[in-house]
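Subject: Handing over a structure

Hello,

Here is the structure I promised to send you. Have a look at it first, and then read on for what turned up.

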Amino acid sequence: MPPVFRVGVIGAYGRMGAEVCRAVEAEDDLELFARVGRGDSLDSLSGADIAVEFSTPETVKENVLQSLQRGLDVVVGATGLTPADLTEIEAVASGSGSKVLVAPNFAVGAVLMMRFAAAAAPHFDVVEIVERHHERKLDAPSGTALRTAALINEARFPAQGSSEDENAARGTDEGGVRIHSLRLPGSVAHQEVVLGGRGQTLTIRHDSIDRSSFMPGVLLAIRRVGDLPDPLTVGLEHLLDLAS
Ligand SMILES: NC(=O)c1ccc[n+]([C@@H]2O[C@H](COP(=O)([O-])OP(=O)(O)OC[C@H]3O[C@@H](n4cnc5c(N)ncnc54)[C@H](OP(=O)(O)O)[C@@H]3O)[C@@H](O)[C@H]2O)c1
């Protein structure tokens, strides 16, 4: 009989949290130990092994820190953590011996889209991102778009640097990568990375058409977060055995 992981879901009554609760309940080696919603004490997580955080950009950092203080490993899906937040979380995780995995996107196809975009970027002059989400998404640009821009800028040397163009219609500028955010009913999570070079464009596109697309990645993260070598890991790709 394999060990059973006891899982507490934070943001359990939201769109993603409810989907995670259903996915955990369907697995024999996982126990849905606690559901935490807005206003609930995180004390109900005491005794769990892993917290899964899908609340809001405003509340995610405090919930992660409180989960670490209770000795849990943490899988973070909510977006909105800044580089300074990540540094703080890493320091607290180091001190507590717990592990944290932050994944801006748990869909395997989206991880591959980011990977392919980073591989293609050094071969093109211009890269722009168009992301589309449902109209109730709180943050813009999306965490996936920001992560994609960061990976593109790591991959191309020298980095292009920010553009001087202040025209708002040209989107926001992340180190020279323009990001355009659409918020539309009927959407879940969609992203195109469009690369332009002399006489050609390359478009890499991913669509999550249903929130079930995120669940295999979330379940993988729950099962593997405790074995990660570092206190803080950013990106599901570290669990996917992708050759570097
Ligand atoms: N990593 C990924 O693959 C991925 C995929 C999709 C979405 N996301 C991100 O996941 C997050 C949640 O998205 P969603 O669409 O599920 O949003 P949502 O439907 O608004 O769910 C968020 C839930 O968190 C609750 N909440 C608010 N404050 C809380 C607190 N302090 N403690 C616990 N729960 C609290 C909200 O309650 P109220 O309704 O009462 O405010 C709501 O039920 C967002 O940051 C989104 O960008 C990530």
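A word on terms before we start: two strands pair if DSSP finds at least two bridges between them. Please also keep in mind that this is a predicted model.

With that in hand, take strands E3 (residues 50-53) and E4 (residues 73-76): they run parallel and are joined by 4 bridges. One place to look is valine 52, whose bridge partner in E4 is valine 75.

These two strands belong to an open sheet of 6 strands with parallel pairing, and the order is E2-E1-E3-E4-E5-E11. Which strands stand at the edges? They are E2 (30-36) and E11 (232-234); each has a single partner strand, so one side of each is left without a neighbour in the sheet. On average, neighbouring strands here are turned by 20 degrees against each other, direction ignored.

Helix H1 (residues 15-25) packs on this sheet, where it touches E1 (5-10), E2 and E3. The direction of H1 makes about 155 degrees with that of E2. Together, E1, H1 and E2 make a β-α-β unit, and this unit is right-handed. The strands E1 and E2 pair in the parallel sense over 6 bridges; phenylalanine 5, for example, has leucine 30 as its bridge partner in E2.

One last thing to find in the viewer is a cis peptide bond between alanine 140 and proline 141, with omega at about 0 degrees. Proline 141 sits in the loop between strand E6 (126-133) and helix H5 (143-155).

Notes
Residues numbered from 1 in each chain as written. Predicted model: local features only at pLDDT ≥ 70, side-chain atom pairs only at ≥ 80, totals over all residues. Axes fitted to C-alpha atoms, helices over the stretch in contact; angles between N-to-C directions. Contact = placed C-beta atoms within 7 Å. Right-handed = clockwise from strand over helix to strand, strands pointing away.
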